[in-house]
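Here is a short tour of one protein model, written for someone new to reading structures. Keep the picture open while you read.

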Amino acid sequence: MPELPDVEGFRQVLESCARGRTVRRVDVRDAGVLHDVSARGLRNALEGRRFGAPERHGKWLLARTGGPTLVLHFGMTGRLVCCHPGDAVEAHDRVLFTLSGGRQLRFRDQRKLQGLWLAHDDFDIDRLLRRQGPDALTVDRAEFEAVLCARRGSLKTALTDQSVLAGLGNLLADEILWRARLRPDRRTRELTEADLRRLYGRMRGTLRAAVPAGCVPPRDSWLTGHRDDPDPTCPRCGTGLRRSRMAGRGTVWCPRCQPDA
Ligand SMILES: [Zn+2]
């Protein structure tokens, strides 16, 4: 499932494939990925426009054109791919943007849980993103602590709630909590000043390493590298990892490194 590092990777695909290029043709092969706009509406709005500098907020991507903005969310399986117009179209290529200079940007998505929106102005963008908290990559420590402590409940639930903090998903939250040695079911209101400072630092470090990889990398020294093993053990201490369901998602932690408070 795309999290902040994956979407940051898609932003870079958009930047290198489409920035400064004119949209020659929009080919909607599956209108099921469009929200609040028809295939014809999307074509009329974007054909002839030139893509500017793309922006990301949390798991959302904004493809600005100087006029309307294409807004993308990748759900569980979405991605952006830079192709040549002559490349074979794949089964899950839902929308093709043929660009000047012999490029074609494709929105590819198997499960179609989210998709594309068209924002006509900044008011539309604000409306689409109004429930998003501050971006996890750019939030400063004071704001991070303020938004997290304002959210009651477990730490895992708070970190993955996009209205608290935008960009973290299941893998990142577990990885960050393991590095910060905090149990995912710790209550946010029980965190000490030192816990919060460590959590913020580990979040920054995890994101700094994950963004260049374009994913949460399943490295041997990372929790993410072991969570799907048949009999997973902690890469730091060798203890058997625990699994449960939290915030509706499979949650993994080390009972030794992340003890009860
Ligand atoms: Zn451990």
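**A metal site and a sheet**

The site of the zinc ion is tetrahedral, with angles of 102 to 113 degrees among its four donor atoms (four donors count as tetrahedral if all angles lie between 85 and 135 degrees). This is a predicted model, where local features need pLDDT of at least 70 and side-chain atom pairs count only at pLDDT 80 or more, while totals for chains, interfaces and linings use all residues. Residues are numbered from 1 along each chain as its sequence is written, and side-chain values use heavy atoms, leaving out hydrogens and water.

**The zinc site**

- Cys-234, Cys-237, Cys-254 and Cys-257 each give an SG atom as donor, 2.2 to 2.3 Å from the zinc ion (donors are N, O and S atoms within 2.8 Å of the metal, or 3.2 Å for Na, K and Ca; water is not among the atoms, so sites may look incomplete).
- Along the chain, these donors follow the spacing C-x2-C-x16-C-x2-C.
- Cys-234 counts as buried because its relative accessibility is 3%, whereas Cys-237, at 26%, counts as partly exposed (buried means under 20% relative accessible area, exposed over 50%, partly exposed in between, with a 1.4 Å probe and protein chains only).

**The sheet**

- Five strands make an open, mixed sheet in the order β2-β9-β5-β4-β3 (strands are DSSP runs of E, at least two residues, numbered from the N terminus; two strands pair if DSSP finds at least two bridges between them).
- The edge strands, β2 (34-35) and β3 (55-57), each pair on one side only.
- Strand β2 runs parallel to β9 (residues 115-119), joined by two bridges.
- His-35 has Trp-117 in β9 as its bridge partner.

Note on methods: Tetrahedral: all angles 85-135°; square planar, octahedral: opposite > 155°, others 65-115°. Helix = DSSP H or I, 4+ residues; strand = E, 2+ residues; numbered from the N terminus.
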